[in-house]
Amino acid sequence: MPAPGTPGDDEPGDGPATSPVGRLAATVERLRREVRAAQAEAEGRALIELAKGILVERLGCGPAQAARQLAELTEQAQVTPLELAVDVINQAARDRVAEVTAAFLSATAAHPGPAEDSAAVRLRAAESGVLAAHDTQAMADSLLEHALRPLGAVAVAIWAAGSDGSLTLAGSAGFAPAEAARWRYVPPDVATVARRGLTEPDGQWLPSLAASGLPTIGRREYTDGARIAVRAGAGGRIHGVLEIAWPKPEGPLPRPVERQVEALAELCAHTLETFVPPAQAAQEPRVVPDVAELMDLADGLHDPALVLVPHLDEAGRLVDFRIQHVNSRFLDPAGRPRAVVGGALLLEAYPMAAGVSELFQRVERVYATGEPFRAQRMRLTALVDQVPLSAVADISISRHGSSVLLIWRIEDETARLASLLQHAQRLGRIGGFEENLLTGEITWNGQLFTLYGRPSTSTPVALEDLPAHSHPDDAVPIGRFLRTLLHHHRPASAAFRLQRPDGVTRHMRLVAEPVLDTDGQLIGVRGAYQDISAQHWTEVALAATRDQLAHTEQQAVERNRLTLQLQHAIMPPAQEPLRVPDLQVAVRYRPAETEHLVGGDWYDAVRLPSGLVLLCVGDVAGHGIEAATSMVVLRNALRGLAVTGAGPAQLLSWLNIVAHHLTGGVTATAMCGLYDGERRTLRWARAGHLPPVLVRGAEASALPRLPGLLLGALPEAVYEEAEVRLAEGDTLLMYTDGLIERRDRSVDESLSHLLDTARSAPHTLDHQLDRLLTYSRSDTDDDTCIVGIRVG
């Protein structure tokens, strides 16, 4: 055992490993390597033992003879025992892994080498590790270690698909634990890389994740890497998604590699069949109905229903659905007996289901994903072509266990249209009528009796008697209506007030058209009444509201005009520069782009009797005349307080008291500075405001964010101040948040852009302030104030 302080076998002779923590880390890393090596050896041993078992079965020999045979073949083929074992397994299995390996060998036959053999070993080792994994996390670790790292991948995520379209992270490797915990569950209909892989039949390949803009697990770790997401399904059912991450952008994957990924996804599907999300596992186990229970359920429905079970080919691929059961309510659209339909394949019984309607594709997707499908008013000609064009049905498809329940509710088109017409007349308060002028017979529908306020057993009112039932002031339009209709034989309409027997007056619209015989003689009239009382009173209310709105708009315009006058009187957009020896001072004020957003931004730059220069900017919360008047109070108060000779921190403490006692509970931010020209120093303090920016040479930086509560929040507040010494040519910028604020960016990001813009300083201070306004990315339509000073 080495003496204390001397390097051991697993640590270097100097550096961090000589410390106790370094030794512990080296020991942990050594043990981790040993565990990985033991796992790989165990998985390789399992494949070798499986190959021995195959030789025992094929050769009819004992285990010892099979081991000797495997050793002899290994020596003859000049390969490792593991590679030969995998070759034996592939020839005996003839499964998807063997198929992918054969395709890979065929594609790379022109360039033989170790890569061909390692592909088969990797896939079989991954398969062995997945089957031996005690949970989905161990399954992900095995996939990454054995099959994906040799392909250049750095991380893998295995998603389980829920029947509601959600995704649950079943296992992951290569991602930070905190990132995996954050992506544990993805709700339905959220667009992610895995969701695209679930909905796209051929999966989703992204050469660069950054270019796609799709959110997904590990986006911060592998920002610009490639991603692939493929369905994990078997036997026509999709159980989840396999997502793989590369550290950098990649070109299109070679076809052999794509087939390896598909084989791994199918391997994951067999494991995901039994996966239960943790939240669901904590509850009572969900009972999945079998086919017999589903048939009983279908028999209890009042609508025609089919129970479908998947029909697979010899390779295990879904090719059709067998109609396992039809319930007693079932009526075949083509009139065939139930016995003919029951037991047949869906595409045999209804070949057009795979046509325009895509009904078969809908059933296939519901079976694959578990997401139910509903469709209204699907024409049954989409199933068979022997039914009337008017035959329609509401379709419902849902998966129950390994079966699918298909329900259709056939609808009578004629009865439906009549019902729709009745509902439309009732909702529109419309009543129809017809008069036979030859026989004098008058026909009303039930809604028209209701509009007239008369019982349905009463005698209908003829059109010629309409003036007796209307308001006297409406006699002229009614007379014009009757002349146009009865004498000129042209369609006509009129609006009038109907006086009902119960004393209620309703506003009505009447439309009618003449019915003529072959000789052009008038034989009848038909038309409709509509109660437009609600529309009439709505128009009256709208007219009153319009007048009130015009008055309110006029008041708002006047209010904004006064606010702008007040603001510009105190702070004109263009102000004469302050004249101070060895110091350039410039200010800029840009009002909001819309007049109704007049705000409370303010600035000040004034030379005090003491010789110091007061520099300040501030922003009162809110907009309108209240904010403008509060701004005036705070600006003038700070000017008066500055004459006392107090420092910036004390001035802000006094200004906080002023703001707190203003009417309306005003809150504001402010930045106050006192510049000493003799010492070239600036003492400054801030009250919740953005810090000043110092431009020195080709560098720009923000001064420290001193603690300071915004003005008016508390009755009393204490502020800190700092001092910065300025050199010849230095520029200091003070501004309000209207210069940088964006809705889609953080303050730090916006401030970083301001620093980039300020670094390239023009020759004059005025040009620099103009450049800051020109290149501002602010999108909040807020006021903007800038105060800039340059020494020299």
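A charge sits over a ring if NZ of Lys or CZ of Arg is within 6 Å of the ring centre and within 35 degrees of the ring normal. This is a predicted model, in which local features need pLDDT of at least 70, side-chain atom pairs count only at pLDDT 80 or more, and totals for chains, interfaces and linings use all residues. Residues are numbered from 1 along each chain as its sequence is written, and side-chain values use heavy atoms, without hydrogens and water.

**Exercise 1.** State over which ring the charged end of Arg771 sits.

*Solution.* The ring is that of Tyr775, with its centre 4.7 Å from the charged end of Arg771.

**Exercise 2.** Classify the ring pair of Phe321 and Tyr367.

*Solution.* Step 1: rings of Phe, Tyr and Trp (its six-membered ring) pair if their centres lie within 6.5 Å; planes under 30 degrees apart are stacked, over 60 edge-to-face, and the rest tilted. The structure holds 9 such aromatic pairs.

Step 1: the centres of Phe321 and Tyr367 are 5.7 Å apart and the planes stand at 80°, so this pair is edge-to-face.

Step 2: Phe321 belongs to strand E8 (residues 318–326) and Tyr367 to helix H15 (residues 359–369), so the pair ties together parts 46 residues apart in sequence. Helices (H or I, at least four residues) and strands (E, at least two) are DSSP runs, numbered from the N terminus.

Step 3: Tyr367 also has the charged end of Arg237 over its ring, 5.8 Å from the centre.

**Exercise 3.** Which residues form a cluster linked by ring pairs?

*Solution.* The cluster consists of Phe433, Trp444, Phe449, Tyr452, Phe496 and Tyr529.
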